[in-house]
Each structure stands twice: as structure tokens, then as C-alpha cells.
Amino acid sequence: MNAHSLYIETYGCQMNVNDSQRIVAMLSDDRYQLVNSPVEADLILLNTCSVRGGAEEKVYNRLSNLCSLKKINKQLVIGVGGCVAQQEGEQLLERFPLVDLVFGTHTVHLLPGMLQDARHGIRRSETEFFDTEQRRDLFPATRGEGRGSQFVTVMQGCNNFCSYCIVPFVRGREVSRRAEDILEEIERLVAAGVVEVVLLGQNVNSYGIHQDGQPSFAQLLRQIAALDGLQRIRFTTSHPKDMSDELIACYADLPKLCSQVQLPAQAGSNAVLARMNRGYTREHYLDRINALKQARPGITITGDIIVGFPGETEADFEETMSLVEEVRYADVYSFAYSPRPGTRAADFTEELSKHEKQHRLARLIATQRNITLEINRSFLHTRQEILVEGIGKHPGQLSGRADSGKTVNFSGEPALIGHLVPVVITAAYQNSLVGELI
Ligand code: SF4
């Protein structure tokens with residue numbers, strides 16, 4: 001059997017990155033080798049994201065370009081997966097006659113069979129949702145390969161239905177993976193040389209709460225931390241309403257848990273939080289932040305903010321600004337609100353003008369940039385353990401991540417990639433730190 005070449009483009013969150021890694025591993029069994037350019041490929045896959053407005057248009061434009069490659073390579077197979085595929089399904093096949101297959105967020109495992117059909121001219125769209133028990137067997141798992149840091153999916157889906165968000169519609173309800181499967185996967189990864197795992201899920205901190213017999217997320221963290229050889233644990237994303245005292249206590253008790261947490265606030269005004277259906281108040285959010293800071297002094301906190309949600313007044317926005325200053329985020333992923341068709345907020349009428357949204361967003365970004373730089377400078381002259389992730393942007397440089405999640409660049413040999421090394425921080429910039437190997 002001849003080898004095939006696979007080109008895959010991944011958009012959106014780490015869940016999609018993890019799905020793409022799983023696809024590459026799964027298709028390597030069918031002798032697909034990864035290539036860096038669509039022109040070299042005989043299979044092109046787009047793993048799409050629909051969280052931001054205009055996502056479908058971007059996918060359509062990209063597909064139009066890629067389909068033109070079929071004029072040069074008649075054997076080329078083109079597939080679309082991820083959240084846009086989940087939403088659009090058959091319509092993608094109708095709109096793009098040169099697309100061969102469409103797979104959803106629950107049907108990645110069907111890909112090998114769909115590819116075989118595609119090679120015989122059978123075009124398929126598979127976007128059904130699987131029920132809870134079936135899905136527990138379908139969780140993406142790595143092959144126990146790799147070194148350095150690896151993603152490990154612990155749960156998928158979301159039950160929260162924030163009024164602006166499409167995720168519950170394209171990823172389905174929350175399902176937690178069996179704890180024994182997670183522990184077994186991490187043991188295999190550690191045996192292969194992995195020193196850090198990043199636990200993934202749309203709401204990792206609601207892990208286990210809908211399934212009898214599963215540990216809570218805090219209990220799972222303690223079981224993972226007890227595994228010999230594993231040195232670091234991170235997780236993302238957390239929901240403020242599920243950030244329990246039990247979970248916060250892990251930051252006090254588990255040195256392997258990195259000093260970093262991502263806790264999206266989305267807004268600082270209770271009126272806006274209620275319209276967003278976030279399920280917590282500003283006071284609750286700040287209480288959780290303060291508890292985290294007490295449990296792990298110096299913890300870096302990153303957040304997500306949506307600016308210009310429908311009906312957001314100037315006073316509401318000022319509350320968001322004051323929240324940002326009070327929390328002192330290490331970084332904030334901030335966006336101007338844009339409606340997602342199919343969500344409740346898409347029907348909200350008090351939409352702000354584009355100009356007003358951009359003006360508020362620019363103010364928020366400017367404030368946060370100052371805070372980020374101050375925090376980055378606080379690392380100057382400190383010693384940090386860096387997990388080396390790869391080659392840096394400049395010749396002879398390596399790039400890695402500190403316990404805080406900060407990116408650190410320093411001179412060193414590529415043989416250090418995948419290892420933890422001590423570095424002293426010598427310069428601090430807006431987006432990264434520079435250090436020297438000790
Ligand atoms: S918690 Fe809200 S924002 Fe996050 S995935 Fe669920 S619905 Fe979307």
C-alpha cells in the first residue's frame with residue numbers, strides 16, 4: 001500500500017488542536033504522512049471553529065481556494081470537520097460539490113471509513129451526536145507518544161448555555177471521561193518522556209459532576225499529581241461558578257499544579273453577566289480570585305472579556321474596567337461582541353455600534369497591556385524552571401514556558417527541547433520574557 005500525504009489546518013481552541021493530533025495519529029495507521037503545504041497533499045482536512053462571528057465565511061473562502069487544487073490533483077480528497085462542519089453538515093456538501101466529506105465533533109472516529117468511501121466517489125456527511133455512554137468510549141486519546149507537554153482531554157461539551165455561545169450546540173452536553181482511562185493515558189505519556197500534561201475540556205472544573213462513580217475534578221487532580229515521573233499539571237478552561245473550595249485547595253497542596261489559572265470573567269457588571277447567563281456575580285468571581293491568590297501567592301491569572309455585549313452601558317463597561325484592574329490579569333483575551341446565529345443573544349436588540357465596541361475594546365486593551373508589562377517585569381532577575389517547547393524565533397534561541405505560563409526565550413541547544421531547565425530572567429517584554437540558562 002502506497003503512503004498518502006495529509007495536510008491539516010486547525011482553527012480555534014485547544015480542543016480542536018487535540019482532535020487534530022488524534023486525527024494525525026489515527027490516519028498514520030492508514031499510512032498517511034503529514035505534510036506542510038496543501039499543494040503536496042492528497043488529503044486536505046480543515047478542522048474548523050465557529051466561536052467567533054464570520055467563522056463560516058472564513059471557512060467558505062478557504063474552501064474555495066483549496067477546492068481549486070483539485071484542478072491540478074484529480075485524486076485530492078477534501079474534508080471539513082470541527083464546529084462549522086457540525087453546524088452546517090450536508091449543506092457544506094451541497095454548497096461545495098468538490099468537498100468529499102464532512103465530519104462533526106462527535107464523529108472523528110468515523111474518518112478512516114469516510115476516506116475509503118471518498119476514494120470510491122461516495123461523499124458523506126456524518127454529524128450525529130452520540131449519547132453519553134457511547135461518547136465515553138470515543139474520547140480522544142494520544143498514543144502515549146511525545147515528550148515535554150501533551151494535551152489530555154478529560155471532558156467534553158457544555159451544559160451552561162451562555163447566551164452568546166455556540167459551543168453547547170456544536171459540542172453537545174458535558175461528558176466526563178473515565179478517570180481510569182485518563183490516568184492510564186498519562187502513565188503511558190510519562191513513560192514516553194512527557195513531563196507536563198494540560199488537561200482539556202470546555203469546563204474542566206465540572207468534571208465528574210454529572211456522572212455517578214467518577215471523582216470530582218479536584219480528586220482527579222490529586223490522583224494525577226500522585227503519578228511518579230509527572231512534573232507539571234495545567235488545565236483549561238475553568239468556569240467561575242464551578243471553581244470550588246475543594247479545587248482551590250489543590251493550589252495550596254499540589255506543587256505539581258502550575259501557578260496559572262484561566263478563569264474567564266467575560267464582564268464585570270452583574271447586569272451584563274445576568275444577560276450573558278453566566279451563572280455568577282461579580283462578587284462571586286472576585287471571591288474566587290481572592291481565594292486562588294491566597295491558596296497560591298503569585299499565581300498568574302488569565303481571563304476572557306467580551307466588550308460591548310448588547311445593552312452594555314458606559315457604567316457596565318466601567319465595572320469591567322475596574323474588575324480588570326482589581327484582578328490584575330497576566331493576560332486577557334478580549335473581543336468585541338459579535339452575534340452568533342442560533343444563540344439567544346443573537347436576538348437581543350440593544351446592539352452597540354461597531355465604533356462604540358471598538359472604542360471600549362481599545363481602552364480595555366491599553367489598560368491590560370500596562371498591567372501585563374508590569375507583571376512581566378516582576379519576573380526580572382528571578383529563577384524560573386522552563387519546560388523547553390521548541391526553537392525560538394531568533395537563531396540559536398529556544399522557547400519554553402515557565403510555571404506561570406509565561407513564554408521565555410533563551411539561548412540553548414535543541415537537545416534541551418522537552419526538558420525542564422533552570423533559567424534566570426534577564427529582560428521582560430509585552431509578550432514574552434528573555435532569560436539565560438543557569
Ligand atoms: S461555559 Fe458558556 S462560554 Fe463556555 S463553552 Fe459553555 S456556553 Fe460557551
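Colleague: Which residues have the most contacts inside the largest nonpolar core, and how many residues does that core have?

Modeller: This is a predicted model. Its largest nonpolar core has 80 residues, and those with the most contacts inside it are Ile186, Val197, Leu199, Phe217, Leu221, Ile224 and Tyr285. There is also a second, separate core of 22 residues, with Tyr7, Ala55, Tyr60 and Leu93 among them.

Colleague: What does Ile186 touch, leaving out residues up to four places away in sequence?

Modeller: With those left out, Ile186 touches Val152, Val197, Leu199, Ile224, Leu227 and Leu230.

Colleague: Is Phe103 buried or exposed?

Modeller: Buried means under 20% relative accessible area. Phe103 has 1%, so Phe103 is buried. Phe103 lies in strand S5, residues 101-103. Not counting residues up to four places away in sequence, its contacts include Ile23, Leu45, Val80, Met114 and Glu126.

Colleague: Which residues surround the ligand?

Modeller: Among them are Cys158, Asn160, Phe161, Tyr164, His239 and Arg278. The shell around the ligand divides into 7 nonpolar, 3 polar and 1 charged residues.

Colleague: How many aromatic pairs does the structure hold?

Modeller: The structure holds 8 aromatic pairs. One of the shell residues, Phe161, has its ring centre 5.4 Å from that of Phe169.

Colleague: Why is the pair of Phe161 and Phe169 called edge-to-face?

Modeller: Planes over 60 degrees apart count as edge-to-face. The planes of Phe161 and Phe169 are at 80 degrees, so this pair is edge-to-face. Phe161 is partly exposed at 29% relative accessible area, and Phe169 is partly exposed at 40%. Elsewhere, Tyr164, Phe309, Tyr337 and Phe348 form one aromatic cluster.

Colleague: Where does the charged end of Arg95 sit?

Modeller: The charged end of Arg95 sits over the ring of Tyr60, 3.9 Å from the ring centre. Tyr60 is one of the residues of the second core.

Colleague: What should I look for in the backbone?

Modeller: Most residues other than glycine have a negative phi, and most peptide bonds are trans. Phe161 has a positive phi, near 50 degrees, and is placed in the loop between strand S8 (155-156) and helix H7 (167-171). Asn277 also has a positive phi, about 60 degrees, although it is not a glycine. Asn277 lies in the loop between helix H11 (270-276) and helix H12 (282-295).

Colleague: Is the peptide bond from Thr236 to Thr237 cis or trans?

Modeller: The bond from Thr236 to Thr237 is cis, with omega near 5 degrees. Thr237 is in the loop between strand S11 (232-236) and helix H10 (245-253).

Methods
Residues are numbered from 1 along each chain as its sequence is written. This is a predicted model: local features need pLDDT of at least 70, side-chain atom pairs count only at pLDDT 80 or more; totals for chains, interfaces and linings use all residues. Side-chain values use heavy atoms; hydrogens and water are left out. A residue is near a molecule or strand if one of its heavy atoms lies within 4 Å of it. Ala, Val, Leu, Ile, Met, Phe, Trp, Tyr, Cys and Pro count as nonpolar, Asp, Glu, Lys and Arg as charged, and the others, Gly among them, as polar. A nonpolar core is a set of buried Ala, Val, Leu, Ile, Met, Phe, Trp, Tyr and Cys residues joined through side-chain atoms within 4.5 Å. Buried means under 20% relative accessible area, exposed over 50%, partly exposed in between (1.4 Å probe, protein chains only). Contact means heavy atoms within 4.5 Å. Rings of Phe, Tyr and Trp (its six-membered ring) pair if their centres lie within 6.5 Å; planes under 30 degrees apart count as stacked, over 60 as edge-to-face and the rest as tilted. A charge sits over a ring if NZ of Lys or CZ of Arg is within 6 Å of the ring centre and within 35 degrees of the ring normal. Helices (H or I, at least four residues) and strands (E, at least two) are DSSP runs, numbered from the N terminus.
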